[in-house]
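Hi,

Here is the structure I promised to send over. Have a look at it first, and then read on for what turned up.

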Amino acid sequence: MACLMNVASGLGATGRSTKHFTNAARRSSTTSTRRLSTRAARGRSHLVCKASAENINWSREVSTAAIRVGAGVLMVHNGLDKLVDPEGFASFVVEPFLGFLPHQEPLSYVTWTYLAAGAELAGAAGLTLGLLTRVSALSLFSTMGLAVYYHVAQSGLEGFPLAVVENHQYAFEPAALYCLIYFYFLCNGGGKLSVDNALKKDE
């Protein structure tokens, strides 16, 4: 009888040992599977990042940055010009040709002159750096849009687009070209080589 009990006890211990071994094997297998999945995910992420970096069109990005910086720097003097004689600019440009702008207190035509100068200086700085590019481009697009209106109101279309004019360019031509450039950056942002993009990466 004692012999039978010892055999039964031995079988029970063997069963428990087998069960313990099976559970340990399962846990080990699960852990290994998780590690492999993590490594695979990291590998895929690395490949995606590498592919994205390789797919950047650097000639386009460099040319976009060059146009952005050029269009920003070339605008600075326009803002400074208005600050030299804001009353004169208000009297000879804003009031006679842009009189539809609100000019009741606290606004005035001189106020609009200062606002235009501020938009051109701050917008030019932002566009050059690629900082708040779309906001900067919007401010510059607005002032140049008014400049186009002013020149058309003053000189008309001058036979655009086929007429050959005395000054070799339409009066509204530079402002219109600026408008097109600023509209591009308003829609597309500053590109990869901009402060905006650098700040986005830091996030």
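For what follows, a salt bridge is a side-chain nitrogen of Lys or Arg within 4 Å of a carboxyl oxygen of Asp or Glu. Keep in mind that this is a predicted model.

By that rule the structure holds one salt bridge. The partners are Glu 120 and Lys 82, whose closest N and O atoms are 3.0 Å apart. Glu 120 belongs to helix α5 and Lys 82 to helix α3, so the pair ties together parts that are 38 residues apart in sequence. And are these two buried or exposed? Both Glu 120 and Lys 82 are buried.

That brings me to α5 itself. The helix runs over residues 109–129, which makes 21 residues. From its first C-alpha to its last it reaches 30 Å, close to the 30 Å expected at 1.5 Å a residue. Besides Glu 120, the buried residues of α5 include Tyr 109, Thr 113, Gly 123 and Leu 127, along with several alanines, among them Ala 116 and Ala 117. What covers the buried residues of α5? The cover includes α2 (58–73), α3 (76–84), α4 (86–97), α6 (133–155) and α7 (173–188). After α5 comes Gly 130, which has a positive phi, near 75°.

Now for the rings. The count comes to eight aromatic pairs. In one of them, Phe 100 and Tyr 149 have their ring centres 5.3 Å apart and their planes at 85°, so the pair is edge-to-face. Phe 100 sits in the loop between α4 and α5, while Tyr 149 is in helix α6, so this pair ties together parts that are 49 residues apart in sequence. Phe 100 counts as partly exposed, at 48% relative accessibility, and Tyr 149 is also partly exposed, with a relative accessible area of 43%.

Tyr 178 and Tyr 182 form an aromatic pair too, but a stacked one: 5.7 Å centre to centre, with 10° between the planes. Both lie in helix α7, four residues apart, about one turn of the helix. Tyr 178 is buried, its relative accessible area being 16%, and Tyr 182 is buried as well, at 0%.

One last thing to look at while you have the viewer open: Phe 160, Tyr 170 and Phe 172 form one aromatic cluster.

Cheers

Notes
Residues numbered from 1 in each chain as written. Predicted model: local features only at pLDDT ≥ 70, side-chain atom pairs only at ≥ 80, totals over all residues. Heavy atoms only, no water. Helix = DSSP H or I, 4+ residues; strand = E, 2+ residues; numbered from the N terminus. Expected span 1.5 Å × (residues − 1). Buried < 20%, exposed > 50% of the residue type's maximum accessible area, 1.4 Å probe, protein only. Contact = heavy atoms within 4.5 Å. Phe/Tyr/Trp six-rings, centres within 6.5 Å; stacked < 30°, edge-to-face > 60°.
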